[in-house]
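Okay, everyone, thanks for coming. Let me put the model up on the screen, and then I'll walk you through a few spots in it.

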Amino acid sequence: MSDGIKWLAAWDIPVAGVVFARGMSADELAVRLGGVRGEATEPITDGEVEHLGMRSSSYGVRGDGVVRVGEDAGWAFAVEYGDSTGTDRLEEIASGTVDAVHYLPMSARPPARFHYARNGVLTCGFGIGEERRRWGTEPDLLLLGLIAGKVLHSDGSQNLPPSREHHMAFQERSLGVLEQRFGLSLPRAVLGEARLPAYAVRGTPAMRTGAEPDHEQIKAWAATLGLTWNDTGGRVPSAIRETWNHVARQDPKETS
């Protein structure tokens, strides 16, 4: 039995987005998102992504983006981390005879967003919780399902949750419509102990999960600044590595 996608309504899922594609393999999906064919990491867990050395975006400059990929319920999926590319490349992913779905988890404001593309065209999209405002070449593609699922009233107006504490349950209702219409599923274990190959899709993350060769050097340098961390397999926390790289660019003597 599949896990579906209603559970993605939780606001604390530690990912930037999820891309689903029907009509291609997981590795091909990674390539269409910007990965390089044949350059996946060994399978890693969700928690090990933080070891890949991703730079965060700053001052209008995009950061690094990484995806972990797999397949479930007839769809390939890519779980996005950092400054990934699903928002930019959905229509490209859907070129040919491919169906592609992008789910962007957010809090209530701005809302989470859903987009569906097929044959290279954005077909339908809306904010979760704002389904009355739809766009794409077929904005009403899911209208009947949204009404049947009690997300919208029969006149197309929003069926608002009665109070704040019901908001997540209301999001689950909307995701349930998508789950039923497209047959989407993402195993819960993907954000737990499941191991999946990872690809870099934007920027130049380190993409290594073993001990880093400069770990001891950076650890000694950080200690002089009063910075310490709990060692995990000889890895440098990404925030400390970013500081190290910045200092090295500004004054190489400080890190030599």
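So, to start: is Asp 64 buried or exposed? Asp 64 is buried, at a relative accessible area of 1%; for us, buried means under 20% relative accessible area, exposed means over 50%, and partly exposed is in between, with a 1.4 Å probe and protein chains only.

Quick housekeeping before I go on. This is a predicted model, so local features need pLDDT of at least 70 and side-chain atom pairs count only at pLDDT 80 or more, while totals for chains, interfaces and linings use all residues. Residues are numbered from 1 along each chain as its sequence is written, and side-chain values use heavy atoms, with hydrogens and water left out.

Back to Asp 64. You'll find Asp 64 in the loop between α1 (26-32) and β2 (65-72); helices (H or I, at least four residues) and strands (E, at least two) are DSSP runs, numbered from the N terminus. What does its side chain reach? The backbone nitrogen of Thr 204, at 3.0 Å. If you skip neighbours within four places in sequence, the contacts of Asp 64 (heavy atoms within 4.5 Å) include Met 54, Arg 55, Tyr 81, Asp 83, Arg 202 and Thr 204.

Asp 83 is a handy link to the salt bridges. We count a side-chain nitrogen of Lys or Arg within 4 Å of a carboxyl oxygen of Asp or Glu, and the structure holds 10 of those. Arg 62 makes one with Asp 83, where the closest N and O atoms are 3.4 Å apart. That pair links distant parts of the chain, 21 residues apart: Arg 62 sits in the loop between α1 and β2, and Asp 83 in the loop between β3 and α2 (86-93). Arg 62 is partly exposed at 43%, while Asp 83 is buried at 18%.

Arg 62 also meets Asp 88 in a salt bridge, at 3.8 Å from N to O. Asp 88 is in helix α2 and Arg 62 in that α1 to β2 loop, so this pair ties together parts 26 residues apart in sequence. Asp 88 comes out partly exposed, at 47%.

Another one to look at is Arg 118 with Glu 138, at 2.5 Å, N to O. Here strand β5 holds Arg 118 and the loop between β7 and α3 (143-148) holds Glu 138, so parts 20 residues apart in sequence get tied together. Both count as partly exposed, Arg 118 at 24% and Glu 138 at 33%. And which residues end up in one network through shared partners? Arg 62, Asp 83, Asp 88 and Arg 202.

Now the greasy part. A nonpolar core here is a set of buried Ala, Val, Leu, Ile, Met, Phe, Trp, Tyr and Cys residues joined through side-chain atoms within 4.5 Å. The largest one has 41 residues, and Phe 20, Phe 114 and Leu 186 have the most contacts inside it. Elements giving two or more residues include β1 (17-22), β5 (113-118) and α4 (167-182), with α4 supplying the largest share, 5 residues. Leaving out residues up to four places away, Phe 114 touches, among others, Val 101, Cys 124, Phe 126, Leu 142 and Phe 182. There's also a second, separate core of 19 residues, with Met 24, Ala 26, Ala 76 and Val 98 among them.

Last stop: Glu 130, in strand β7 (residues 130-135). Glu 130 counts as buried at 18% relative accessibility, and beyond four places in sequence it touches Arg 109, Pro 111 and Gln 158.

Terms used: Polar contact = N/O pair within 3.5 Å; in protein donor to acceptor, adjacent residues only side chain to side chain.
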